[in-house]
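Thank you all for coming.

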Amino acid sequence: AYQAAADLMRGKKVAFVGSSRASVEDNYLLTKLADATGGDVLGFVAHVQEGAGDDWLRTDDKAPNRVGCERLGMTALDGKLFASQISGYDVLYVLEDDVVAAGLCSSDDLAGKSVILHHYNTDNQTLAAADVTLPAAMIVETVGTFVNVDGHAQRVVPCKAIRGVNRTL
């Protein structure tokens, strides 16, 4: 799958999409991959549900790392512009998110494009359009940093540390 993804990106115009559900480190590496391939990071998928917060414990923002993405210089994708933004690209690389379910585009908007989807083991509406899928570690399996809505960086570690997953062992 990694070789297939590399082959899809080679010599093509690639758009990268970050995720406010992915760690700061994963989003940072996405920007480095975009730089290395000459691609463009269009922004990140935001998960704000207006009116879902209670102004006490819950906020309208349902993603754990929007602030982390913003600190990396990324901006939230605009659903009204996204389909036109990706029209000039040959390949769309989506990190740990679902652009179709988020309402940023439809499966029809992805027709004719190569889609590389780096996703979890959960249902994903973008999966139907994907040419290559890459596995993403869930939060309980990885080491990373998330920055909450108050700007506090929080480190996550695997719930069970095993040598094959955590190289620090």
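Helices (H or I, at least four residues) and strands (E, at least two) are themselves DSSP runs, numbered from the N terminus. Please keep in mind that this is a predicted model, in which local features need pLDDT of at least 70 and side-chain atom pairs count only at pLDDT 80 or more, while totals for chains, interfaces and linings use all residues. Residues are numbered from 1 along each chain as its sequence is written, and side-chain values use heavy atoms, with hydrogens and water left out.

How many of the six residues of strand 4 are buried? Taking buried to mean under 20% relative accessible area (exposed is over 50%, partly exposed lies in between, with a 1.4 Å probe and protein chains only), the count is six of the six, so strand 4 is largely enclosed by the rest of the structure. In a regular strand the side chains alternate between the two faces of the sheet. In strand 4, Ser114, Ile116 and His118 point one way, whereas Val115, Leu117 and His119 point the other way.

Next comes helix 1, residues 2-9, where Ala5, Leu8 and Met9 are buried. Seen down the helix axis, the buried residues of helix 1 fall within an arc of 95° (taken from the directions from the axis to the C-beta atoms), so they line one face of the helix. What covers them includes strand 1 (14-19), strand 3 (91-95), strand 4 (114-119) and strand 5 (132-135). After helix 1 comes Gly11, with a positive phi near 75°.

Most residues other than glycine have a negative phi. Glu96, however, is not a glycine and still has a positive phi of about 45°; this residue sits in the loop between strand 3 and helix 5 (107-110), and at 6% relative accessibility Glu96 counts as buried.

In the loop between helix 4 (82-86) and strand 3 we find Tyr89, which is buried at 11% relative accessibility. If contact means heavy atoms within 4.5 Å, then Tyr89 touches, beyond residues up to four places away in sequence, Lys13, Val14, Ala15, Asp40, Leu42 and Lys113. The side chains of Tyr89 and Asp40 also make a polar contact at 2.7 Å, a term for a pair of N or O atoms within 3.5 Å, where within protein one must be able to donate a hydrogen and the other to accept it, and residues adjacent in sequence count only if both atoms are side-chain atoms.

Finally, what is the count of disulfides? With a disulfide defined as a pair of cysteine sulfur atoms within 2.5 Å, the count comes to zero. The cysteine sulfur closest to that of Cys69 belongs to Cys105 and is 18 Å away, too far for a bond. Cys69 is buried, with a relative accessible area of 0%, and Cys105 is buried as well, at 8%.
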